[in-house]
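Trainee: Could you take me through one part of this model, strand by strand? I would like a close look at a sheet and what surrounds it.

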Amino acid sequence: MSWAGKLLRVNLTTAEITTESLNEEWKNDYLGSRGLASKYLSEEIDPACDPLSAENKMIMATGPLTGTSAATAGRYVVVTKGPLTNCIACSNSGGFIGAEMKNAGWDMVIFEGKSPKPVYLYVENDKAELLDADEIWGTSVWNTDEWLHNKHQDPLLRIAAVGRPAENGCFYAGIVNDLHRAAGRSGVGSVMASKNLKAVAIRGTKGVGNISDPEGFMKAVNEGKAVLAENPVTGQGLPAYGTQVLMNVINEIGALPAHNMKDVQFDGAHAISGEAMHEPRKSDGKPNLTTNAACFGCTIACGRISTIDQGHFSVENKSQYWGNSGGLEYEAAWALGADNGVDDLDALTYVNFICNEEGFDPITFGATVAAAMEMYEDGVLTKEQTGGIEFNFGSALALTKAADWVAANEGFGVDLALGSKRLCEKYGRPELSMTVKGQEFPAYDPRGIQGIGLNYATSNRGACHVRGYTVASEVLGIPEKTDPLTAEGKPGLVKAFQDATGAVDSSGICLFTTFAWSLDNIAPQVEAACGGGWTAERLAEVGERIWNLEREFNLKAGITSADDTLPARLRTEAAKTGPAKGLVSKVEEMMPEYYELRGWSTDGVPTEETRKKLGLS
């Protein structure tokens, strides 16, 4: 059946750890990972609770395919109520710790309450205990990882930890595992630190069994891997350039947001692109990119491992950053680069290293810096307030200093740790925060890609591209090409992508497989692993059920249809250049049809008929 069939419940207040069987009905309705964890969270907490209170819970969860031989089956999620958004948060990560959790025999771990002192959870198969973390509290993720490996003397121990920003209340702190993979968005690391939980260390040697049809599973898995290898995106583009393959593509079509989304193209895009990462530097003759890397069981290997020129100003006196580490992905390169007008690849790589080392989201951080730069140029912020640094667009120095400040909770970094929504509200310019429901945009401008704007506006965790990646269709022609500049047909496209994504996330595999796979490729793998009649249609229904469950959580948390919108800039200020020149986002035009297709009222509330159809009543 592929599920381990049990969960670990950790009461941090009392230090009691108990084992429970997985809810059979819920796993059949929500599959696992994102869906199943969201169901547990919805049943166990008040959606209106303070995200940083002991009443909130945090769930680390795997899917039924996690840890199996299916391609990319290393994913796990962190589900909680997010402090950045006050919405349900589900942050997805790769690396190896998800598979390790499954190999230890656990589908999920539920953390509740708050420890009276800093602790970490140590899991070795059936053994689980809370141990003292005083020595690593106040230190970085990288220091924590090294300390735990030294203490337990096991190089195969897999670790997820929070850094100093999470401890200091940064609203967008993440949870970093395997040094540079992260459950990065919505502030899930802030929740973890608020519970005085520093890290989770797991060693699993049981293996993943319970496959319903082993022979059929291997057949479906091998067929799926062949499709991935033959696809130009998953077999060529992503292995060679990672997600950074998109930088020049999105810039050319006029959908690369720049300068806090004032512009839709960036003159310096090539200098920070995937292609540029391969090019030898003029300074030392070495490329930024050292090699690509793969998560557990991944045949795509889109990860980047990079090095910085040792003479670059950001690291010239910091030898600890001279080695190889996790390099730039597209979203980080955009947020740190184009959105701030910075085209210094080594500066962006340094900041990315800091985000990994200290555990904070480079997307929200970069977009927050961009908002601060616009306020600085508008005269709202002064040089005194920005640490004595000229905080103009294009300043690599300002960007790198800002990362150091957030990491150390010093000076202007205390303000930047608020995220752009709270920062802009503090200084009287809320319209300069490019967010939905408090979460900053990813790297696609809704004026140049209309469907992604509707997806941002309706996303249950705030602005997010990986809740319904219509860029695949609107730009890359996957599974079929649609016109990015028109609103026609986009409500249906967005709904289909959102529902399918919910199922993919809940299976325990990586969303990047869907550049090559449809649910028709995934369903045979889930069916052979789990049994019970899993078809593409059933998976789509599971995704739709998850979407509505998350929606209902948010409604109870106080989110309304008024929050399903985009910043005025994107709705009223037309694109200045590129194919989308003269266009604004048509999100308001698309919303009524989207609500209708969802089976929601005109106020965005699931109707009783929809709730009954999906078993939510």
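**A closer look at the sheet**

Mentor: Happy to! Three strands form an open sheet in the order β13-β14-β15, with antiparallel pairing. Its edge strands are β13 (289-293) and β15 (325-326), each of which pairs on one side only. This is a predicted model, where local features need pLDDT of at least 70, side-chain atom pairs count only at pLDDT 80 or more, and totals for chains, interfaces and linings use all residues. Residues are numbered from 1 along each chain as its sequence is written, and side-chain values use heavy atoms, leaving out hydrogens and water.

As for terms, strands (E, at least two residues) and helices (H or I, at least four) are DSSP runs numbered from the N terminus. Two strands pair if DSSP finds at least two bridges between them.

Now to the pairing itself. β13 runs antiparallel to β14 (residues 303-306), and 4 bridges link the two. Among the residues involved, L289 has S306 in β14 as its bridge partner.

Next, the neighbouring helix. Helix α8 (residues 232-241) lies across β13 and β14, and its direction makes an angle of about 25° with β14. Such angles run from 0 to 180 degrees between N-to-C directions, with axes fitted to C-alpha atoms, for helices over the stretch in contact; contact means heavy atoms within 4.5 Å.
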